Amino acid sequence: MTANGRVDATVPHWGTYQNEIYLAGLGGEIPRLPMTYAELERSAQGVLGAALTSYIAGGAGNEQTQRVNVTAFDRYGLMPRMFVKATERDLSVDLFGMHLPSPLLMAPVGVLGLTPPGGHGDIVTAQAAAATGVPMIASTLMSDPMEQVAAALGDTPGLFQLYTPTDRGLAESLVSRAEAAGFRAIVVTLDTWVPGWRPRDLAHSQFPQLRGHVLANYVSDPVFRRLAAGAGADLDDPRPVAPYWAAVFGNNLGWDDLAWLRSTTDLPLVVKGVCHPDDARRALDGGVDGIYCSNHGGRQANGGIPAIDLLADVVRAADGAPVIFDSGVRQGEHIIKALALGATAVAVGRPYVYGLALGGRDGVAHVLRSLLAEADLLMAVDGYPTVADLTPDAVRRVTTTG
């Protein structure tokens, strides 16, 4: 996307976004969207309103885990290498048979449809994925049915994130629909079968799903409709449906459920929320295709370990299987550090949501291109021409003060 908001998906190097901005400045044009995460967050909060801001920005408990997810990246320093001639950089990666132009993914976020502008944030985000080539992991919780979101992705791959319901037939129907819609993998979130203690949301008594929001994938699903109608729900009004949704939403999965979960799809199966190496090994032994190392950005459980500090052990346990990482990713530097610690791909959440609030499709594209421009230029300056060059030897533990 150029500095005046036009999207250009054909970028020879992600870092050229910097050149576009500087060249536009010669004509007196400055970026209309913020260039740093802090500015993005501050500006977006004025658009989102207090209750939705709390849902997006808030975390569990006193939000200590959410904070240290970010600051823990400061404990890792990148080792610069010279005489490398990293004039040409290749940030492409291979993931589940997909050759992607970068390692960046958009993490699943369940309130995109409530984010201004327009109430169709899931589709708008998919359009940004189409414009940039950055895949979207689409949440189960959407304001538009998954089929419409998948259609908006164009040639960019999408992954579907599943909150596994208590009814297996409903789970199988959601997965089958995702397959038919063209999603390329199923990402099962394990740590959200019950909401964590989130004081910010509680202060606003704000739980969007109980107000009938972001339930499009449920009310459009034939199995859910049959079950809800049988329980007496009015399917023409989402609010009465919400209590029934709450009754079937969260399935506290155990290891004895893994074989069934694997049987629901022939697509690559990824399990999200795995932070212990033993869990990674056992999940892979049970037939999953990839591990998603994440602590849900600190939204679900407080008092935890920064996710980036757990990544290297999970990667070793995965023994070559793909590992997606998120939690605390705020800038391009964080992407590079996670890759050096072994991640196959890195997902970002809150930053692109703030971009969506501020500028719709172009706002999301601006955030994604900014993250990738910083990552690309960092690889250029520090002498890492390809993602494969970002080995564990590229990072060192450092002592931070203050």
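User: Where is Gln209 placed?

Analyst: Gln209 lies in the loop between α8 (199–203) and α9 (216–219). Helices here are DSSP runs (H or I, at least four residues), as strands are (E, at least two), numbered from the N terminus. This is a predicted model: local features need pLDDT of at least 70, side-chain atom pairs count only at pLDDT 80 or more, and totals for chains, interfaces and linings use all residues. Residues are numbered from 1 along each chain as its sequence is written, and side-chain values use heavy atoms, with hydrogens and water left out.

User: Is Gln209 buried or exposed?

Analyst: Buried means under 20% relative accessible area, exposed over 50%, and partly exposed in between (1.4 Å probe, protein chains only). Gln209 is buried, at 3%. Leaving aside neighbours within four places in sequence, Gln209 is in contact (heavy atoms within 4.5 Å) with Tyr55, Leu141, Val214, Leu215, Ala242 and Trp245.

User: How many residues of helix α15 are buried?

Analyst: Nine of the nine residues (332–340) are buried, so α15 is largely enclosed by the rest of the structure. Among them are Glu333, His334 and Lys337. Just after α15, Gly342 has a positive phi of about 115°.

User: How many disulfides are there?

Analyst: A disulfide is a covalent bond between the sulfur atoms of two cysteines. The rule used is a pair of cysteine sulfur atoms within 2.5 Å, and by it the count is zero. Cys275 is in no disulfide: its nearest cysteine sulfur, that of Cys293, is 4.6 Å away. Cys293 is buried, with a relative accessible area of 0%.
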